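Let me put the structure up and then walk you through a few spots.

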Amino acid sequence: MATVIHVENLTKRYAATTAVDGISFDVAKNEVLGFLGPNGAGKSTTLRILTGFLSASSGVVKVDGHDVFDEPATVKRTIGYLPENVPLYPEMRVSEYLSYRAAIKGVPRSSRRKSVATAMERCLVADVAQRIIGQLSKGYRQRVGLADALVADPKILVLDEPTIGLDPNQIRQVRDLVRELGQERTVVLSSHILPEVEAVCTRVVIINKGRIVGDGNPAQLRASFGDKQGISLDVELLGSQDKASLALQRVEGIRAVQFVRTEEDTVARFTITAEPGYGVRERIFDAAATSGLKLLGLSSRSMSLEDVFVHITTEEVHHSEPDGGQA
Amino acid sequence: MIIFAQVRRELLAFFYSPMAYVLLTSTMILNSGVYLFILAFATEPGSQETAATVLQYVFGGTVFFYFIVLAVPAFLTMRLLAEERASGTLETLLTAPIGEVGVVVAKYLASLIFYGLLWLPTALFPFFLSRQVDLDLGPVLSSYVGTMGLGAMFLGVGLFCSALTRSQIISVLLAFGASFGLFLLGLLDFVTPSMSHDSWTSYLNLWSHMEDFGRGIVDTRRLVLYGSTAVFFLFATVQVLQARRWRG
């Protein structure tokens, strides 16, 4: 598939800190890319460089074949951008604001009314078209910001934390909208909320301390980090804790056995970390039978993206510099 | 065109804020007060004043005129960039394809138009005078040229100050301070009589510039000073906005 965004060795240094440290990635056409990372990881900085609001210290950013630094106006015409915290002019009316935004984005006068109407309809703000932005709820304002990003019908949407500060219903609406938009254009969004990225994105780039620490679709990320971390099992046995843990420790392929305290004395419950791809569950069953323990429950826990995320972003802490600047 | 859409938005923004109405009202009261006072003085029996000198007083013959010319541009421009920066809308503005130059030019043009609007009511003074007495319109027009020229210069200074800070208060104080400093520098011309008439202080003496304009003398050197100062500050404003991209 065609590459629409090409980022190579992008670095952004501030006076004392390095916010983005030599990251490279490509975004293909019609991909929905999620930028995932804890606060202060360099997500917003990267998106701001992508949209031409900030300049990189070094590295190359090309959008649709145009260099952001050399041809900023062309790039800005290609991108619809929703900044973090959705800055709007509170004194303007919704339709008036969108019409002004369409005008400065170069939408010709003849089609402006239609562009504004379409954007308002898609983002479900048509019912507040004549309201003053400053009097709208946070959810509506967020969607006015989205409508602004959409109004000139850009090839690429860049959304910085599009659901922050919304209630669960509004979050669902925005996610549905983003997913729908992603079917016909390229979307890059940032988030520190995992289920969001998992629900919406076709590909995830995990960024921490200004560096990329994971890149792939959610399933791939789970698989690759799952291998490293091993699989995780919940086991329940009828019998005493000592006897049961002794029996489990003898099973081949098990890395760690952790006792989980329960209220019933007769039931021993464990969380087990095992080597992947060993057939561990069968051997646990056999081991329980040979030691005269009755197996009450055995289930494998599938690793969530959240586990992956927590795992790699905390692992990195040991060998990285102090905090990477702005979020 | 993109710039006109921005100029339109900036003009509307003036009228969204109460500031516009306060400025319109206060300049109108101040100008009318000066006009009526001088008119009353000029119509006293035995007065030497003519209709032409009445207007000369209104346009540059009193401190009130300079107060308006120095303070109003500072107030008009204080919001223009400082507010965008403080509220974060600078980010949406500068990621639209309009560019730093477009933003600065549009904001400047809008403030210049609004400044012109503030002086529009004063057109009533020569209008009523000309119905009563014979009035040469040449000096009237050149007075307006001078008034707009000074405004054009100080609006440039003000817009630059607004780019330096996110605080509107700091912006207005900086702009007024810088403009007033420039004005005082020119007034040195009056207290250094030993200097020749072509000294640098006379080049900056805005008070005597307005006296010339009031007599119908349009000296292009004055216009070059106003124009080049404005362009210099607009250029500096663009530089400040572009430098922000590197600092973040």
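This is a predicted model: local features need pLDDT of at least 70, side-chain atom pairs count only at pLDDT 80 or more; totals for chains, interfaces and linings use all residues.

**A walk from chain A to chain B**

Let's start with Leu157(A), which sits in strand β7 of chain A, residues 156-160.

Residues are numbered from 1 along each chain as its sequence is written, while chains are lettered from A and ligands numbered from 1 in the order in which they are written.

So, is Leu157(A) buried or exposed? Buried, because 22 other C-beta atoms lie within 10 Å; the cut-off is 20 or more for buried, 12 or fewer for exposed, and partly exposed in between, with C-beta atoms placed from the backbone. Leaving out residues up to four places away in sequence, Leu157(A) touches Gly80(A), Ala149(A), Leu181(A), Arg185(A) and Val187(A). Contact means C-beta atoms, placed from the backbone, within 7 Å.

Now compare Val280(A): 123 residues from Leu157(A) in sequence, and 46 Å away in space, C-alpha to C-alpha. Chain A is split into domain 1 (3-216) and domain 2 (230-302), with bounds from an automatic or database domain assignment. Taken over C-alpha atoms, the centres of those two domains of chain A are 47 Å apart.

Over to where the chains meet. Chain B puts in 19 residues and chain A 20. On the chain B side, α1, α5 (89-94) and α12 (220-247) each give two or more residues, and α1(B) gives the most, five.

What does α1(B) bury? Ala5(B), Gln6(B), Val7(B), Arg9(B), Glu10(B) and Phe14(B). Those buried residues pack against α3 (94-104) of chain A, plus α2 (18-42) and α6 (99-119) of chain B.

Last stop, a helix pair within chain B. α4 (residues 63-87) and α8 (residues 137-164) of chain B pack at about 35 degrees, axes 7 Å apart. Axes are lines fitted to C-alpha atoms, for helices over the stretch in contact, and angles run from 0 to 180 degrees between N-to-C directions. Among the residues making that contact are Leu70(B) and Leu81(B) from α4(B), with Phe154(B) and Leu155(B) from α8(B). That's my tour, thanks.

Note on methods
Helices (H or I, at least four residues) and strands (E, at least two) are DSSP runs, numbered from the N terminus. Two residues are in contact if their C-beta atoms, placed from the backbone, lie within 7 Å.
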